[in-house]
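User: I have a structure to get through and I am new to it. Can we go over it step by step?

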Amino acid sequence: MKKKFSVLLATLVLALAMGTSAMAAVSPYIVAPEIVELGEAGSMNNAEYNTLFKVFGDWLSDSGRFITSVWDGSAWSEERNKTALSIVKNYAGISGWERADVIAFMSVSAKNVTAEMWKAGVQVSLMDVPSLGYNKFVVFHITSDGKLEVIPNKVENGRVIGTFHSLSPVIVIGLKGSFSVSGGTAVDATATDSTGAAVKLEVVAGNALAGANAAEAKEYNALFKTWQDEQGEKALADLAEQLKAGQITEKAYREQQSEILTKCLKETVSRHSQVKFDTIQWYGEANISLTDGGAMPKGGLDITIRDPQIKKGTTMILLHIKEDGTVEEIRNLKVTDGAITGHFNSLSPVVYFEVTSRTTSAGNQTGVQQPASGGQTGAQGSGSTNNAASPKTGEHDMTALAVLVALMAAGGVAYLGRRRCHA
């Protein structure tokens, strides 16, 4: 046992250094924070330690300290990787990644934070973003009563930042590698300007907050607040396990899956869309920018996402979180088998969904979109599309902007880490 950990410690100097000095920086978000490496059980109460030991016991050294585990190709780290992947799946509802490294165990405390501040949520700058190329971070917090909760997080100014309602032991896991999408099927996107010329984009797939500013991050968190509060990802993961174990039928799984997604997303998405719908599926998210920070072409861009799960006749909602934090909907979408196309004039975080509506009047079939005045064409839901003229530069963008993801840039395909939740 001691030999294993001595080898591990020798290979993790960078990670452990990051877990101490990098974490000790004073946070600009709260008053007098103290962030130190999580040590022995004496720094926790019994409930906190019991949960930490139960979930992360494989990272406990002979000295009683919890240590990190960056994958180095060894059999030990491969075992820890599998365990960490299982943890983020079972407790955060996140699956599909190849690597999950525990990159920090920390004890977080703060002074002069009022009850009102905790109730509203306090942002804590936890640590520098590692230079190891993680695509996503999962932040776990063990509450004083021993509950393991997932903390919403973002990356800003090179730091991983979490929003807390109390403080105690915190564990940060970095996810890395290909996110499995539809059995590994690639999702790509292409963009053209008003002359039809191809335009290169840079896409951070599966993380709409990568490089996002404070206004964008605030609105994103507001958009998915109910999803976070209701622990939507964990609920879907639990449901998938029930299906796998034969505890529910495929039909029941689909029905309950739809109920969870609709409960978590319908209200907030409806605030930003003129599409009337009854059920919703969350497909994906990304942060899109022009290569090398270039200027947006005059007349904007047409972007096509190719996704094998998109079917002609379905209704899509694409939302774009602008630089000032406002949310725009791309409308008049072209929807075909395996692709959607829309026009927008600026780039930043985007998310997109498939929605369906039930019969609302005679002659209207289930799934046919019922447009509001000035909204998307109802023909979209029946499979045909109506392409509106591209908005002029500088025009008030009530017609669309927003979404999509990946793209073929310099011979490489950028992958969109989608959140469509099918077993």
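User: How many helices and strands does the protein have?
Analyst: The protein has 10 helices and 21 strands. Both are DSSP runs numbered from the N terminus, helices being H or I with at least four residues and strands E with at least two. This is a predicted model, where local features need pLDDT of at least 70, side-chain atom pairs count only at pLDDT 80 or more, and totals for chains, interfaces and linings use all residues. Residues are numbered from 1 along each chain as its sequence is written, and side-chain values use heavy atoms, leaving out hydrogens and water.

User: What is the mean pLDDT of the protein?
Analyst: The mean is 74, with 72% of the residues at 70 or more; pLDDT is the predictor's confidence in each residue, from 0 to 100.

User: Where is confidence lowest, and where highest?
Analyst: Lowest in strand E21 (residues 412-413), at a mean of 33, and highest in strand E11 (residues 275-276), at 94. Over residues 178-186 the pLDDT is below 50.

User: Now the sheet. In what order do E3, E6 and E7 form it?
Analyst: The order is E3-E7-E6, an open sheet with antiparallel pairing. Two strands pair if DSSP finds at least two bridges between them.

User: Why is one side of E3 and of E6 left without a neighbour in the sheet?
Analyst: Because E3 (122-128) and E6 (153-156) stand at the edges, each with a single partner strand.

User: How many bridges join E6 to E7?
Analyst: There are 4, and strand E7 covers residues 159-164. Asn153 stands opposite Gly162 in E7.

Notes: Contact = heavy atoms within 4.5 Å.
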